Amino acid sequence: MSLRLTVIGAGTMGAGIAQVAAIHGFSTTLCDLSADQLSTAMSSISSSVEKGIDRGKTPPEARDLVAQGLSTETDLSKACADADVVIEAVPEDIDLKNKIFKTVESVVSSHAVIASNTSSIPISKLASSLSAPERFIGMHFFNPVPVMSLVEIIRGEKTSESVIDSIVKLARDMAKEPIVVRDSPGFATSRLGLVIGLEAIRMLEDGVASAEEIDKAMELGYRHPMGPLKLTDLVGLDVRLAIAEVLHEEIGEQFRPPQLLRDMVSRGDLGKKSGRGFHDWSV
Ligand code: CAA
């Protein structure tokens, strides 16, 4: 029997994970406290599925799989009660995540796996609040989830081998390519990605070049599909700031968030989702 998945948090990442799970045949519940957020997520899933079908990347049957296999729920306990795998995808706030894990652990069955899509917080730190840390693991997806093939799986100090094997299999069944990494702040991807992203912002602060030129430097000079400032706009400046704050605390000075990033986040210039970041996305 196919696994039942629950994805907690209907932001960009949660919606993307739920979409990919549903179109690969998993019965999936997308959970968020906000009914409005769930309805926004369902519209974006529907347009992304149509785009995938238009591009020939998603089979037309995906429409039915989403219609029949993807449901929404605002009550966390109800959403998780029948789940085999719970994937948490809420903002990078350790207290918020811990609060959610406590509730999840109190309602899920004893065989259920609890995974976090955290981009930066050490898995063992999150697992320390659980009574069964061996069932806890990192399952880190990339934006845009329906397009990006990687899933970074993070082995916590106490994660059991059988849980690692089952999440590797789940990632493959979702047509993703898994890598398994040791638990360490920022893992393999965010730690490297942030170095370039934060340095690009410091270069802009120093007047080395314009945002367009810095992006072009990496797109044409290094063949990155999009430059580091455009990528920060795509991911969300608030999301990158939260990751930088964790890595600054956990690793050190090289991850200190640039003042420009802080100023832009306080102004509400969050990137693509707000219409303005290092580039103008309003048109
Ligand atoms: N469903 C399925 N496939 C889709 C799709 C959809 N809804 N929409 C597009 N695609 C496919 C397209 O068919 C196309 O496939 P081919 O390359 O085989 O032709 C591919 O996806 C690219 O689509 P587009 O042509 O529409 O877009 P693009 O070429 O302008 O690329 C991009 C857009 C994929 C975002 C690209 O610029 C890119 O890869 N950027 C870097 C993204 C990245 O680095 N993401 C990671 C961010 S970090 C993160 O997420 C982690 C974190 O913790 C915050």
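# Close-up views of a predicted model

View 1. Not counting residues up to four places away in sequence, Thr 6 touches Thr 29, Ala 79, Cys 80, Ala 83, Val 85, Val 86 and Ile 87. Please keep in mind throughout that this is a predicted model. Thr 6 sits in strand β1, which runs over residues 4-8. Is Thr 6 buried or exposed? Its relative accessibility is 2%, so Thr 6 counts as buried.

**View 2. Thr 29, a partner of Thr 6, in strand β2.** Thr 29 belongs to strand β2, residues 27-31. Thr 29 is buried too, with a relative accessible area of 17%. If you set aside its neighbours within four places in sequence, the residues in contact with Thr 29 are Leu 5, Thr 6, Val 7, Ser 71, Thr 72, Glu 73 and Ala 79.

View 3. Now follow Met 139: leaving out residues up to four places away in sequence, Met 139 touches Ile 87, Ala 115, Ser 116, Asn 117, Val 151, Glu 152, Ile 167, Leu 170, Ala 171 and Met 174.

**View 4. The shell of residues around the ligand.** Here 19 residues surround the ligand, and Arg 55, Lys 57, Ser 119, His 140 and Asn 143 are the closest. By type, the shell comprises 10 nonpolar, six polar and three charged residues. Helices α2 (35-54) and α10 (228-235) each supply at least two residues of this shell, and α2 gives the most, with three residues.

View 5. The side chain of Ser 119 places an N or O atom 2.6 Å from an oxygen atom of the ligand. At Ser 48 the backbone takes part instead: one of its N or O atoms is 2.9 Å from a nitrogen atom of the ligand. Taken alone, the ligand exposes 1100 Å², and the protein buries 67% of that.

**View 6. Glu 92, a buried residue in a loop.** Look for Glu 92 in the loop between β4 (85-88) and α5 (94-107). Glu 92 is buried, with a relative accessible area of 17%. Apart from neighbours within four places in sequence, Glu 92 is in contact with Lys 97, Thr 118, Ser 119, Ser 120, Ile 121, Ala 242 and Ile 243. Ser 119, in that list, is also one of the closest residues to the ligand. How does the side chain of Glu 92 pair up with Lys 97 and Ser 120? A polar contact of 3.1 Å joins the side chain of Glu 92 to that of Lys 97, and another, of 2.8 Å, links it to the side chain of Ser 120. Ser 77 is 15 residues from Glu 92 along the chain, and their C-alpha atoms are separated by 21 Å.

**View 7. Backbone spots that deserve a second look.** Most residues other than glycine have a negative phi, and most peptide bonds are trans. The peptide bond between Asn 143 and Pro 144 is cis, with omega about 0°. Pro 144 lies in the loop between β6 (136-140) and β7 (150-155), while Asn 143 is among the residues closest to the ligand.

View 8. Phe 187 has a phi near 50°, a positive value although the residue is not glycine. Its loop lies between β8 (177-182) and α8 (189-205). Arg 223, likewise not a glycine, has a positive phi near 60° and is found in the loop between α9 (211-221) and α10. Are these two buried or exposed? Phe 187 is buried, with a relative accessible area of 6%, whereas Arg 223 is exposed, at 77%.

Terms used:
Residues numbered from 1 in each chain as written. Predicted model: local features only at pLDDT ≥ 70, side-chain atom pairs only at ≥ 80, totals over all residues. Heavy atoms only, no water. Contact = heavy atoms within 4.5 Å. Near = heavy atom within 4 Å. Polar contact = N/O pair within 3.5 Å; in protein donor to acceptor, adjacent residues only side chain to side chain. Areas by Shrake-Rupley, 256 points an atom, 1.4 Å probe, with all protein chains shown as cover. Helix = DSSP H or I, 4+ residues; strand = E, 2+ residues; numbered from the N terminus. Nonpolar A, V, L, I, M, F, W, Y, C, P; charged D, E, K, R; others polar. Buried < 20%, exposed > 50% of the residue type's maximum accessible area, 1.4 Å probe, protein only.
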